[in-house]
Amino acid sequence: MSDTTQNGPMLAADGTPLKRSLNRALRRQKLRALMLIAPLLIFVLVTFIAPIADMLFRSVENQIVSDTLPTATEVLEDWDHTTGAPPGEEVYQALYYDLYLAAEARAHTRLGTRLNYEYTGVSSLFRSTGRGLEDLGEEYQDILEDADDRWGEGAFWYELMTGTGDTDARLVREHRARLQALENARLTGDVGFAPSVEIKELLPQTTFAYTDFAVFTALMDEDVVAEEDPWEGVYAGLAQDLETADLSGYDGPGAEALVAAQQTLAEQAEPINYTAFFESEDKDWVSPDIWATIQTYSSTYTGGYFLNAVDMQLTPDGIEMRPDGQRLYMVLFQRTLFMSLTITLSCILLGYPVAWLLANLPASKANLLMILVLLPFWTSLLVRTSAWKVMLQQQGVINDVLVWLGLVDDAARLVMINNQFGTIVAMTHILLPFMILPLYSVMQGIPPSYLRAAKSLGATNWTAFWRVYFPQSVPGIGAGSILVFILAIGYYITPEIVGGRTGTFISNRIAYHISTSLNWGLAAALGAILLAVVLLLYWAYDRIVGIDNVKLG
Amino acid sequence: MAATSDSEAFVAFERVQKSYDGETLVVKDLNLTMPKGEFLTMLGPSGSGKTTCLMMLAGFETATYGEIKLDGTSINNIPPHKRGIGMVFQNYALFPHMTVAENLSFPLEVRKMGKSEREGKIKRALDMVQMGDFAGRRPTQLSGGQQQRIALARALVFEPELVLMDEPLGALDKQLREHMQFEITRLAHELGITTVYVTHDQTEALTMSDRVAVFNDGRIQQLAAPDTLYEEPENSFVAQFIGENNTLEGVVKEISGNTCTVQLDNGELISARPVNVTEVGQRTQVSIRPERVETNKERLQEGAHLLKAEVLEFVYMGDIFRTRLRVAGNDDFVMKTRNAPDQERLKKGQMVEIGWLPDDCRALDA
């Protein structure tokens, strides 16, 4: 239309741009279509996507260190591991009170297990030290109680700590948050205690320890704080505070008892030394390596699990390969990839002729053959795998037949199970239908006239097949291969049963970390790498063959 | 149609039989010879055995009995790829994963032809079907008619002496089909190729062929040039199958040379030309083409027989009028008259007298 003067976008009858008008008209249809799939979408999101996302998140999540040792990691930040000297007294002091609360909450062993992944021996260190923490406070408790009975009374302590003036509710909130992070739960309820501002200034460490005690007693034990005797750790705090505290200006509750206690401790007790205490518990505590590990893993997120999953580790000096003896996962990944590829290839070789027969036999015979192909689907996976065990084992059917035929000596029966061979044979058999079905559906769509045309043009049977039929069946091979490969790479049950030691997959290791070693972070990292490898191969396949060429039916 | 082993015959079927299940014959005793350069069409309803014959000639089916000869030598045991016969398939069978040029190159490559020679031949073949600009396209990017041309070019590119075509125009619309009919016959005659063409479309058969073999029930019912086939059908099947045809049933009363008298079922006597009636008392179908029926007595010669007819339907079709009549108890008697100024337009229910020349009226088997 040459006489048209309008140069802008096409307009609908009411003057709105045609594109917008069309979008509006289609939106209702799209929404209605979305409503239809909404139940499935929600189901998938809730039961599939969300758990996977949560699981993958675990592969980088590392809050346990800072949750369990919040003050110690904070103080440790200033320490330089390269000096080769252990950190100063203030770190040990913070560690003592962090660990004390963690031990009461029984969370210190969890941290020990976590750090044990990175530094062997940390687990037992934490466990044994957790048991001995009370000893330090008990020493001062005994001295104080001998001097004045009131130091052993919960009510006296409560009165002392609450004071008469202003109270600091913020500190209680902070300590409640500390406990919540440790327990991994939301704790509600009234603590029934708040330290006085005056006593907090005067006895900071005592207040810190007592607040921990009060929060734990009220929220976890659900007891009344005023009726309970404080933890031994509180006495350690008091001993430390009284070493330097200037009590002359204090006239609140228990003022005279504090003055007496300061006197008593100065006469009878050694000055408190946290470093010496930890060293006496276990001399590993003064090893800079432990502290370097804690410092390295004190951040909230870590790549440590991923490094571990590729046989590397994050040391205070940076990323490095693990020692030879500890390398495990790269070999497993390589083996998983190699075996999955071998299985896919065997499935192509075995499945292609069967699919061809299926597509070219008359319907009645093809149906019978189809039933034979599908039969394994109707049999339990465990039964099929166990059947291969019966077939392949050294006293099994195949070996018996070979010995009977005289092909194999009775003393030298073939080892065909509990190794890679066994896994490949059993998994090829199990996954074969996933290759045959897409191949069959693609081959059914190739009219026989193509082969005839090729032959009429002068091609031999082989040329006609290779240059005309085969290229058209490639989408089927692609679809089958993707299906088989992705199923194989994550297979678990069959390698577990017939794989032995050399025929297991990475998935077996993931299962081990999920259910036995409980190292979920590493399991998640391994799973994430597996997922990445599959997506990468998928992408490569799309680039090389084109995903549009895949036909599943 | 005797079983001659004529040395002129380029293609010959000799007493060929074919059975798929060992119980029924799909092709019964087929004898056919074709000279070089002929365009022969196998025409028949589906299941008549025409495609089976083509497939036997191409080598995709083996003859159960009999011999098929190509240029004097038996090809029964020669595999299809060594027969050197070009073939165009019903659905074109262009290889979808190859471009047009690659499709055409395929038969040349398997013949181990050099690259430059191949390119020359491909270009010539594509130009021949006016598709020179489409060498780089894939078959799916082409329209039906274009695919048809490429299929034709591919069947011709390796210069076979015999080309088989299996209902190649079946998927095209009417206009394109008519155009391609013309193209194919032009090419076949220009290149002097012997062509066997299979179709169930009688118009196609009549317009394209030098000779037409009408198949039914595994046998060739008649093998003749198109005009002979239309005007002188040898039996009632051919008369019915080729073109539109009116039949009146009756009994032969008298035969004398080139004419016979038939008593129709309503008792009327008409004269007809006896074609395959031999004796008096035999039942017969009398066949008259609709366009040979006349109502205008001035156009009829002396001695034309007149019958009473009632107009049941009158259809105006532009160039002609198509009138359905009730004649001698037959409600489907059709008359086609040319749209001329003096031609009367009949009304439904009107009684008319119709007639035809005895020569146009053929007494066939019942």
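1. The model discussed here is predicted.

2. In chain B, helix α2 (residues 100-109) packs against helix α3 (residues 115-128) at an angle of about 125 degrees. The axes of the two helices are 10 Å apart. By the ranges in point 1, α2(B) and α3(B) are therefore oblique to each other. The crossing in which α2(B) passes α3(B) is right-handed.

3. On the α2(B) side, that contact is made by B:A101, B:L104, B:S105 and B:L108. From α3(B) come B:R118, B:K121, B:I122, B:A125 and B:L126.

4. Which parts of chain A does the domain assignment give as domains? Domain 1 covers 70-289 and domain 2 covers 329-549 in that assignment. A distance of 61 Å lies between the C-alpha centres of domain 1 of chain A and domain 2 of chain A.

5. Chain A contributes 15 residues to the contact between the chains, and chain B contributes 18 residues. On the side of chain A that touches chain B, α21 (448-456) and α22 (461-489) of chain A each supply at least two residues. The largest share of that side, 6 residues, belongs to α21(A). Its residues on the chain A side divide into 7 nonpolar, 6 polar and 2 charged.

Definitions and conventions. Residues are numbered from 1 along each chain as its sequence is written. Chains are lettered from A and ligands numbered from 1 in the order in which they are written. This is a predicted model: local features need pLDDT of at least 70, side-chain atom pairs count only at pLDDT 80 or more; totals for chains, interfaces and linings use all residues. Axes are lines fitted to C-alpha atoms, for helices over the stretch in contact, and angles run from 0 to 180 degrees between N-to-C directions. Helices (H or I, at least four residues) and strands (E, at least two) are DSSP runs, numbered from the N terminus. Angles under 35 degrees count as roughly parallel, over 145 as roughly antiparallel, 65 to 115 as roughly perpendicular and the rest as oblique. A crossing is left-handed if the near helix is turned anticlockwise from the far one by less than a right angle, and right-handed if clockwise. Two residues are in contact if their C-beta atoms, placed from the backbone, lie within 7 Å. Domain bounds come from an automatic or database domain assignment. Ala, Val, Leu, Ile, Met, Phe, Trp, Tyr, Cys and Pro count as nonpolar, Asp, Glu, Lys and Arg as charged, and the others, Gly among them, as polar.
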